[in-house]
Amino acid sequence: LSVTTESVAAWVRAEIASTFTFNETVVNGRALVRYDIANAPVKELRLRMPENFRNVEISGANIRSREQIGNVWRVILQSPTRGIYLLTVTWDQPRSAKTNEFEIVGLSADGVERETGTLAIAVPQNVTPLQVNEMNATDLQRVDASDLPDWAGTSDNSITLAYRYVRPGY
């Protein structure tokens, strides 16, 4: 019997559940990135973030280090992992006092085979009342807040708008 071995590349898919919480002067963001890693384990994951994200925090199990190179964050794990892996990312974005318009651009998983996700817009009811209206939603499909994934923990009654996307770049 003769056999040969061949290295198989990892196949990584990502589903991102992002929540943008509006306050008078700042927008707080939180994203749960759910990776599905198949074929081979990976030790590094990459996230692409908009330049206007401030105070970025990335947390997850077994993280060795986080490194920012431009607008890409590299997350190095202690050991290679496969299966379902979850990262939590939080950030702040300042709101301009000159206009009421705010363009929402979320983070994306870099170097994955496929990315899908959801986007929730929330306005806390314990702050000064704010009203949020959609002006333009490119490449987004409007959904009910109850359609957001259970694993994302976004079943909050402060969600005013919810969307689903099937490719990054909304």
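Author: Let us begin with two terms: helices (H or I, at least four residues) and strands (E, at least two) are DSSP runs numbered from the N terminus, and two strands pair if DSSP finds at least two bridges between them. The model is a predicted one, in which local features need pLDDT of at least 70 and side-chain atom pairs count only at pLDDT 80 or more, while totals for chains, interfaces and linings use all residues. Residues are numbered from 1 along each chain as its sequence is written, and side-chain values use heavy atoms, with hydrogens and water left out.

Reader: How do you know that β1 and β2 pair, and in which sense?

Author: Strand β1 (residues 11-22) and strand β2 (residues 26-48) share twelve bridges, where at least two are required, so the two strands pair, and they do so in the antiparallel sense. Within this pairing, S18 has A31 in β2 as its bridge partner, and a hairpin of three residues joins β1 to β2.

Reader: In which sense does β1 pair with β7?

Author: Here the sense is parallel, with nine bridges between β1 and strand β7 (residues 114-122), and F20 stands opposite I121 in β7. In the whole protein chain there are nine strands and zero helices.

Reader: Why is T118 called buried?

Author: Buried means under 20% relative accessible area, exposed means over 50%, and partly exposed lies in between (1.4 Å probe, protein chains only). T118 has 2% relative accessibility, and therefore it counts as buried. T118 is found in β7, and its contacts (heavy atoms within 4.5 Å) include I16, A17 and S18, as well as Y163, R164 and Y165, when residues up to four places away in sequence are not counted.

Reader: Why is G106 called buried, and where does G106 lie?

Author: G106 lies in the loop between β5 and β6 (108-110). Its relative accessible area is 14%, which is to be set against the limit of under 20%, so G106 is buried. Leaving out residues up to four places away in sequence, G106 touches F20, P50, F53 and Y170.

Reader: What makes a group of residues a nonpolar core, and how many residues has the largest one?

Author: A nonpolar core is a set of buried Ala, Val, Leu, Ile, Met, Phe, Trp, Tyr and Cys residues joined through side-chain atoms within 4.5 Å. The largest such core has 36 residues, and Y35, L47, M49, I58, L87 and L107 have the most contacts inside it. At least two residues of this core come from each of β1, β2, β3 (54-60), β5 (72-94), β7 and β9 (159-165), and β2 gives the most, with eight residues. M49 touches V56, I58, N71, W73, V89 and L107, again without counting residues up to four places away in sequence. Apart from this core lies another, of six residues, among them A122, V143, I159 and A162. As a general background, nonpolar side chains tend to be buried together in soluble globular proteins.

Reader: What percentage of the protein chain is buried, and how many Å apart are the mean positions of its charges?

Author: Of the 170 residues in the protein chain, 38% are buried. For the charges, Lys and Arg count as positive and Asp and Glu as negative, while His and the chain ends are not counted. On that basis there are 17 positive and 20 negative charges, and their mean positions are 5 Å apart.

Note on methods: Charge placed at Lys NZ, Arg CZ, Asp CG, Glu CD.
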